[in-house]
Amino acid sequence: MAPSEMTIDRARRAFERGRMRWALGVGAYVVPMAVVSVVACGRPWVSAANGLLLWALCALGRWRGGRFAAPIGWGLAAGAAALALPLLFHAHGLPCADGACCRGSIPYCWGGGALAGLVVALRAISIREGRASFLVYGCTVAALAGSLGCVVGGLMGLGGLAAGLLLGSAPVVAWGALRTAAR
Amino acid sequence: MVARSMGGHDEALDEVDAARDVGGAAGAGVGGRPAGESLELSDPRLPLPLTRTGPGRLDRAALQALFTRLADGDRAAIQPAYALLWPMVRRFTGRALERAEDAEDAAQEALLKVFARVSQIDGSREAIAWVLAIAAWECRTVRRRAARRGELDGERLDARAAEGATPEQELVAKQLAEAAREALSELRPEERRVILEAFAAERGRRPDGGVAFRKRLQRALERLRGAWRARHGAE
């Protein structure tokens, strides 16, 4: 007996349920990052909201699959560097009161952002299709992950992260575009 | 055009096999298609199920490709994957289970589990082996469920025996069945199983056991009599 349309519909629903569960499994990486941020950065609500947003974005990308799923791992890995740098700065007992922390952590946020942008952009130009979406989605994930650490520096830290991401990825993207045009 | 006849079917399979041999279905011209155009499993010239004598090389490769697409979130691969898997899994469960309805249910449940977990599949893993492992597990579940149902067979027999009986006789039969079930519930599971197997063998459903089985049966019946006496004071 051939499978009926109804049984295939049931399979579709089972696939979607299973995929959603699997997509939410990205929380295994995101939640520890958010917990570190909540504990260490002194702005628990901002960190928690940021972590939830990052989890939702990553889960959505994994659930959707294809070109939306591919940049998530890279974005998270790159963002982890941007998360770690300001936290290392913070953990080494450097001054973090009366706004001094904001100023002190900016170079770390900038550096972390630049590193994340470089990593995501290098990966983006190495793939054949969907470079732009990889770059945009990967940088967004990296920015949210990095901002979990840069929240320690307040708005200035986040600004530093964004600037770093832009400056880290722009030259690589330009080089990739030139290389493609030359072919 | 390849017809949907057996000859046409084999022809289509040979074409695809040949295409794979020279560089994969994605890159080779198949059945008059220009080279570079991919051969879709939904292609009407490639009738499904793609089986000749069971899961062959083509099935494995096609299934692996479909599973890769599913793991990547390509919903369009659900239908061809289901169409490809269904006959294979249905045959497998049909061989493992006696009743056709059970086999049908087990195949459907197994495929639902396959599709629910396909996103997690490791691309290097053999898809067919994974699917058949799930199907085998589902068959085991169905057999266990059937074995549990077997414990209630007595109730159905009592109901049948009570057909046409007076209300008093029905009540007596019901009470006796209830008493028997209570006495049986005091036995160990293996003793219960031996008694039920002997009962089934008596009804010609299963082959009779050997000496060891008869000894186990004798011990189980002694325990059942003891339980009955303890509860009801008579045999």
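Two residues are said to be in contact when heavy atoms of theirs lie within 4.5 Å of each other. With that in hand, E138(B) is a handy place to start: setting aside residues up to four places away in sequence, E138(B) touches A106(B), E109(B), A110(B), K113(B) and R145(B). The model is a predicted one, in which local features need pLDDT of at least 70 and side-chain atom pairs count only at pLDDT 80 or more, while totals for chains, interfaces and linings use all residues. Residues are numbered from 1 along each chain as its sequence is written, chains are lettered from A and ligands numbered from 1 in the order in which they are written, and side-chain values use heavy atoms, with hydrogens and water left out.

Back to E138(B), which sits in helix α5 of chain B, residues 127-150. Helices here are DSSP runs of H or I with at least four residues, strands are runs of E with at least two, and both are numbered from the N terminus. Is E138(B) buried or exposed? It counts as buried, because its relative accessibility is 2%; the cut-offs are under 20% relative accessible area for buried, over 50% for exposed, and partly exposed in between, with a 1.4 Å probe and protein chains only. One of the residues that E138(B) touches, K113(B), also meets it through a polar contact between the two side chains, at 2.7 Å. A polar contact is a pair of N or O atoms within 3.5 Å; within protein, one must be able to donate a hydrogen and the other to accept it, and residues adjacent in sequence count only if both atoms are side-chain atoms.

Chain B has 9 helices and 0 strands, and 38% of its 235 residues count as buried. Its accessible surface comes to about 13600 Å², with 53% belonging to carbon and sulfur atoms; such areas come from the Shrake-Rupley method with a 1.4 Å probe, and for residues only the protein chains shown count as cover. Among the contacts in chain B between residues at least 6 apart in sequence, 54% join residues at least 24 apart.

Chain A likewise is built from helices, with 7 helices and 0 strands. Of its 183 residues, 42% are buried. Chain A exposes about 9200 Å², and carbon and sulfur atoms supply 72% of that area. For contacts in chain A with a separation of 6 or more, 76% come from residues 24 or more positions apart.

How do the two chains meet? Between them, chain A and chain B bury about 1700 Å², 57% of it on carbon and sulfur atoms; buried area is the accessible area (1.4 Å probe) that two parts lose on being put together, summed over both. The contact takes 20 residues from chain A and 19 residues from chain B. Across it there are 2 salt bridges, a salt bridge being a side-chain nitrogen of Lys or Arg within 4 Å of a carboxyl oxygen of Asp or Glu. E16(A) forms a salt bridge with R75(B), the closest N and O atoms being 2.9 Å apart. On the side of chain A that touches chain B, α1 (5-24) and α3 (44-64) each supply at least two residues, and α1(A) gives the most, with 13 residues.

W63(A) ties several of these pieces together. It lies in helix α3 of chain A and is partly exposed, since its relative accessible area is 27%. Beyond its neighbours within four places in sequence, W63(A) is in contact with E16(A), R19(A), M20(A), A23(A) and R75(B), so both partners of the E16(A)–R75(B) salt bridge are on its list. L24(A) is partly exposed, at 42% relative accessible area, and is in contact with W55(A) and A59(A), leaving aside neighbours within four places in sequence.
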